Amino acid sequence: MNRPGHGTAGPAGDRRARRGRRGRGICRCRGDRRVPQGIRLATRESAGPLVRGVHGLCREESEIVVSDLKLNEERDKHEHAADDSEPARAPRTPGRGAGRALARAGAAAAAVPAALWRRHRLFTILALLSLLPRILAARAFRPALLTADSFLYMKEAATSTLGVIRPSGYSFFLRALEPFRSLLLVTTLQHLMGIAIAAIVYGLLRYYGLPAWGASLAAAPTLFDTREIALESYILPDTLYCLVIVIAVALLLRKGTPRLWQCALAGLLFAYAAILRGNGIALVIVALAFLLIRRVGWRAFLAAAAASVIPLAGYAAAYHASYGQFNLTSSDGIFLWSRTTSFANCAIIKPPPQLQPLCPDREASARRPPTPAWSVPALLNEPTAADYLWASDVWWRHDAHPGINAYNDKLGERFAIDAIEAQPLAYLRVAARDVALVFLTTDRPQEHATMTFTTAPHIAKLPSYYVSDLREYAHTTQNTHPVQPYAYFLFLYQQPVYFPGFVFFLVVVAGLVGVIRRWRRWGGPQALPWVLAAVSIAAPALLTQSLYRYTIVAIPLACLAAGLAFARREPRPALVPAGAPAAPGESPSATAPPPAQAPVPAAPPPQAAGPPQAAGPPQAQAPAPPAAPPSPPAPGRPPAPRPAQAPAPPAAPPWPPASGPPPP
């Protein structure tokens, strides 16, 4: 039976009712029964005042509804004609669902540029501008910037062997790109990695509340520093190494406790960083210590530990199967010996006869002409650790087992430990000097050691074995050479644009201050990137020698730590009793009483005659504070309904035992 003013029953009426229910939220009702807004009532006069029903606010109809039958008949005719003319819907097919999903994905992809421009305009502009020097770098030097290590990585990628001097994590990356036979593809991907590193730093700082200009400022050194762009142009693992570490840090720096999968993935990334560069093992230890301090739970910690230890153990087992040494390389002890050549005095160390050939004064090719003490030439002409390590008459080239192998690695490790134990202060002095040189001597020198663009190649003439490695991997025999006019404009760019060393030092200090300020919270979120940056700076100086290539990974981490030190702190959540709305214009934390003055639930009132006890408020519900007034309704909307069982303030007297329900 049709009700007046509701059209006809049947499928057409049901469709119209469903359309009406998809309309506005406020509805008209008859008593407490809801009537969709899309279905009109008989007359406008039949709508009464707003009443409070079970489902919210609705408009009460009058008890007597006088419908206009003529108007209803005309409307029914039009609706029946529309229903008859409406074509039948085609059955849903899988293709239509997939097309709809593709359409939604296309709309989301189209909305990404607009969202970037609207919310992250400054960083978007900076990222687009940073493409210009990277395009120049890709065009200015062909086939790529190459060092001696570059040929080792290409040889290992082409022959699928593990490296003896360096871990082979970067060779795995080159192996994946070997079918393309293009060094330009490798450097292009590394340029994109540099922009991705800056984007992650920017996103993390915005996530922690830093304004757009501050987050963009922290990402600017990675975007525009000449040495960063030059490092991306080398066939070296440092850019990939930095990206892997920054992604792992982003996984662990969430405001809540990191989840199990995040800890496991971060551990796996740190393990890969350790086989990209040997000193990455120290970062694995730092990450696991951070998870312990963060109290992520034993399952998450064990997942991270397993994800980092198992790949390293598998790599060491594979290395043992190839070279008979359970290690990542066979050069750790030799590199540590090269560190001691800067201070070792065999008259103090008194090494045994087997280790006496390792004394630095035995290498004549590494000696320099005498210079006045405490002079600039004495500082600049002092032999470096690399001069002793790769000298033509170095001991590991001419001993009983020549070459970098397990035997010579043990000899170098024994001598280095004896030297450090005999001269610990000299060891610390040399390491501290190299750390200071990171900030003091890397600003303007235009040389390979500082990772800048130069007109001459790193190796003036390629030996035959290097030419063979280059041909086997990249199908070319050309050495690095500049291409004009792109190299000219790139040289003009690198003269004024660089990240000064003293600014780098101030950034590190700012991050340290932020860690000290939050010492009660173990340094806060900036502790992890700052410690990783500090280890990245100090580890090369302690283990071999401090090159800017080894420490440049610390720039985005230090900028991230400094930015987190200036980020807005999250307000501590206050204890707000249930049912206590916030005051107008104030946050919930501002209206909550202090914990010491929290209201205590009052004792239940005595039983009395009157309405059933169930009509009163539930005794287990916490009462609301008396000073918190209800929040005002939004403009243009009716006042919100009060709950049917609202708790009474603790200071109010109990309801009197009178007949009838309590007032609403």
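Analyst: The following dialogue treats salt bridges, a disulfide and a surface patch in turn. This is a predicted model, in which local features need pLDDT of at least 70 and side-chain atom pairs count only at pLDDT 80 or more, while totals for chains, interfaces and linings use all residues. Residues are numbered from 1 along each chain as its sequence is written, and side-chain values use heavy atoms, with hydrogens and water left out.

User: How many salt bridges does the structure hold?

Analyst: Side chains of opposite charge can pair when their charged atoms come close. The criterion is a side-chain nitrogen of Lys or Arg within 4 Å of a carboxyl oxygen of Asp or Glu. The structure holds ten salt bridges. One of them joins R166 and D149, at 3.1 Å from N to O. R166 lies in the loop between helix 5 (148–159) and helix 6 (169–177), and D149 in helix 5, 17 residues apart. Helices (H or I, at least four residues) are DSSP runs, numbered from the N terminus.

User: Are R166 and D149 buried or exposed?

Analyst: Both are buried. Buried means under 20% relative accessible area, exposed over 50%, and partly exposed in between (1.4 Å probe, protein chains only).

User: Which parts of the chain does the salt bridge of R549 and D238 link?

Analyst: The side chains of R549 and D238 meet at 2.9 Å, N to O. This pair links helix 24 (residues 548–551), which holds R549, with helix 10 (residues 238–252), which holds D238, across 311 residues. R549 and D238 are buried.

User: What does the pair of D434 and R339 show?

Analyst: Their closest N and O atoms are 2.7 Å apart. D434 belongs to helix 19 (residues 424–440) and R339 to helix 14 (residues 332–340), 95 residues apart. D434 counts as buried because its relative accessibility is 8%, and R339 is buried at 1%. Salt bridges that share partners join D149, R166, D238, R277 and R549 into one network.

User: Which cysteines form a disulfide?

Analyst: A disulfide is a covalent bond between the sulfur atoms of two cysteines. The cut-off is a pair of cysteine sulfur atoms within 2.5 Å, and the count comes to one disulfide. C346 and C359 form it, with their sulfur atoms 1.9 Å apart. The link is left-handed, with -120° about the S-S bond.

User: Which residues form the nonpolar patch on the surface?

Analyst: Patches are made of residues with over 30% relative accessible area and no salt bridge; like charges are joined within 9 Å, and nonpolar side chains (Val, Leu, Ile, Met, Phe, Trp, Tyr) within 5 Å. Here F502, F505, L506, V509 and V513 form the patch, with about 460 Å² of accessible area together. Accessible areas come from the Shrake-Rupley method with a 1.4 Å probe; for residues, only the protein chains shown count as cover. V513 lies in helix 22 (residues 501–517).

Conventions:
Helices (H or I, at least four residues) and strands (E, at least two) are DSSP runs, numbered from the N terminus.
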